[in-house]
Amino acid sequence: TPNEAGRYMLTQRESDVEILPGTRTRVWGYDGVFPGPTFDVRRGEPIIVDVRNELPAPTSTHLHGGVNPSDSDGYPTDVIVADGHDFDPGAGSHMATDADQWRLHRGGREYEYPVEQPAAMLWYHDHRMDFTAPQVWRGLCGMFIVRDDDEDRLELPSGDHELPLLLCDRAFNADGSFKYPSVDDSLLAEPGVTGDYHQGVEGDVLLVNGAPWPTTSVDNGSYRLRLLNASNARRFELALDDGGRFTQIGSDQGLLAAPQVLETITIAPGERFDVIVDFSGHDVGDRVVLRNLLGTGAAAEVMRFSVDRAKGTRYRVPKRLSEPPAIAVEDSVGDRKFAFALTNHEHGQMWTINGKPFDPADSLATVKIDTVERWMFSSDFHHPVHVHLGHFQVLNRNGKPPAPEDAGWKDTVDLRPYEFVEVAVRFSGHRGRYMMHCHNLEHEDMAMMANFDVV
Ligand code: C2O
Ligand code: CU
Ligand code: CU
């Protein structure tokens, strides 16, 4: 909750919480909780978030999907170091970043969020150079909901009929502690755990808002599920086991122009889907399972809805949801290509963009503010490509029309192996240095990031 001046305090600290029944897990949480507190803010009401770091490691907080000044974007080398902790920029770095690329804040800093963007569900998470994956794995992430008048007019299911669902996976040791197979991070390494995590780290326990396979009590009405995939590397294909459909009303950056019905939803790390589900065909006592068709064993199930009350209200989804700003690809002033691929490099194999591992001192593109460009992303593997500041629409996949799940304004797109995805992207709101990267967090840490400059 903010004070009168729209100022929020967030303290990053360790705490021991019960995630698996009967065990304790040490998390690194915003305010000591995992996931962190959910923000609920309104367009046109700027906020300041004062983040204090009390953790034994540097942090940087990025608001994913936010249209924010570059200085508040949570750049990987713009870090907060807790009081009383030393900082050695080179320690454990895959990327050997030059010392002059770092900016240090002692104890804490302010992030300014203008909140001048349409209603959408964003999320915030750690973005520290080389260590984003282990730090998010330890719990540094949370949801950030933006509301506006246009969305209010739709009178969508709200209150306890609106369920923001942060989905992720984790692995655990027998004592309940998080298991992360990093070998080169002395602070986080679990002795004896090694492994090839080039494909990204997946866990065998699925969590929804930090709880394993929860059951939520519902009535037989309509619910708004705001789905976020906050996993490091896991993709989900979501389906309801009663054959129920998802009526998608929004994507990463807010409402679609018109709803669409999806039988399943493939959601990659970083992506969001805003959907209406309807339990009106159910009797009290029924259970509906949200399945993950890409998962095996316990990972094939995400959560359950237990229909406990009758007389739910059914929501009728309007045919027209929004008048999203038009983006005319004919107006494109530039064509660029970005290849996401594993390449051989002096430090061994690295995940790169256009053959280059991330270098904070380098920029791959300079774009003009408020112009449209066509960007072509290509991939050798699964790479959820995320662009800071800019929002885009998917034009085609491998030259064919986009998938239904590509609809709307996006900031993250799920690239599959050997795919070419073309998008029309626009950068508005702020000039400065921003970045794009793969949102498989292990790939991100293994250098699959690039700067671009908005001028
Ligand atoms: Cu959610 Cu730069 O990332
Ligand atoms: Cu982002
Ligand atoms: Cu990747």
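Predicted model: local features only at pLDDT ≥ 70, side-chain atom pairs only at ≥ 80, totals over all residues.

Student: How do you know whether the chain agrees with a compact globule?

Tutor: For 455 residues a compact globule would come out near 23 Å, and the chain has 21 Å, which agrees. The C-alpha trace spans about 60 × 60 × 50 Å along its principal axes. As for burial, 46% of the 455 residues count as buried.

Student: And what is it built from in terms of helices and strands?

Tutor: There are three helices and 32 strands. Take the contacts between residues at least 6 apart in sequence: 77% of them join residues at least 24 apart.

Student: Which domains does the chain have?

Tutor: The domain assignment gives domain 1 (7–151), domain 2 (159–309) and domain 3 (329–454). The C-alpha centres of domain 2 and domain 3 are 25 Å apart. Their contact takes 20 residues from domain 2 and 18 residues from domain 3.

Student: What makes up the side of domain 2 that touches domain 3?

Tutor: Strands S17 (246–251), S18 (254–262) and S19 (265–267) each supply at least two residues. S18 has the largest share, with four residues. By type, that side of domain 2 divides into eight nonpolar, nine polar and three charged residues.

Student: What is in the largest nonpolar core?

Tutor: That core has 73 residues, and Trp123, Leu167, Leu227, Leu228 and Val275 have the most contacts inside it. Strand S9 (residues 120–126) gives the most to it, five residues.

Student: How do you know where this core lies relative to domain 1 and domain 2?

Tutor: Look at who contributes. Domain 1 (7–151) and domain 2 (159–309) both give residues to this core, so it lies between them. Apart from it there's another core, of 31 residues, with Phe340, Val394, Phe427 and Phe452 among them.

Student: Back to Leu227 for a moment: what is it in contact with?

Tutor: If you leave aside neighbours within four places in sequence, Leu227 is in contact with Leu165, Leu167, Ile267, Arg272, Phe273 and Val275. A contact here needs C-beta atoms within 7 Å.

Student: Why is strand S27 called largely enclosed?

Tutor: Count its residues. Five of the five in S27 are buried, so the strand is largely enclosed by the rest of the structure. In a regular strand the side chains alternate between the two faces of the sheet. In S27 (residues 383–387), His383, Val385 and Val387 are buried on one side, and Pro384 and His386 are buried on the other.

Student: Which strands does S27 pair with, and how do you know they count as pairs?

Tutor: Pairing needs at least two bridges. S27 and S31 have three, in the antiparallel sense. S27 and strand S29 (residues 412–415) have four, also antiparallel. To place some of these on the structure, His383 has Leu415 in S29 as its bridge partner, Val385 has Cys438 in S31, and Val387 has Met436 in S31.

Student: What about S31 itself: what makes it "mostly covered"?

Tutor: Five of the seven residues of S31 (residues 432–438) are buried. S31 also pairs with strand S32 (residues 449–454), antiparallel over six bridges. Met436 stands opposite Ala450 in S32.

Student: Why is Val288 called buried?

Tutor: The cut-off is 20 or more other C-beta atoms within 10 Å. Val288 has 21, so it counts as buried. Val288 sits in strand S21 (residues 287–292). Beyond neighbours within four places in sequence, its contacts include Leu240, Asp241, Phe279, His282 and Phe305.

Student: And Lys311, is that buried or exposed?

Tutor: Exposed counts as 12 or fewer. Lys311 has 8 other C-beta atoms within 10 Å, so it is exposed. Lys311 lies in the loop between strand S22 (301–309) and strand S23 (335–345).

Technical notes:
Residues numbered from 1 in each chain as written. Chains lettered and ligands numbered in written order. Rg over C-alpha atoms; globule rule 2.2 N^0.38 Å. Contact = placed C-beta atoms within 7 Å. Core = buried A, V, L, I, M, F, W, Y, C linked by C-beta atoms within 7 Å. Domains from an automatic or database assignment. Nonpolar A, V, L, I, M, F, W, Y, C, P; charged D, E, K, R; others polar.
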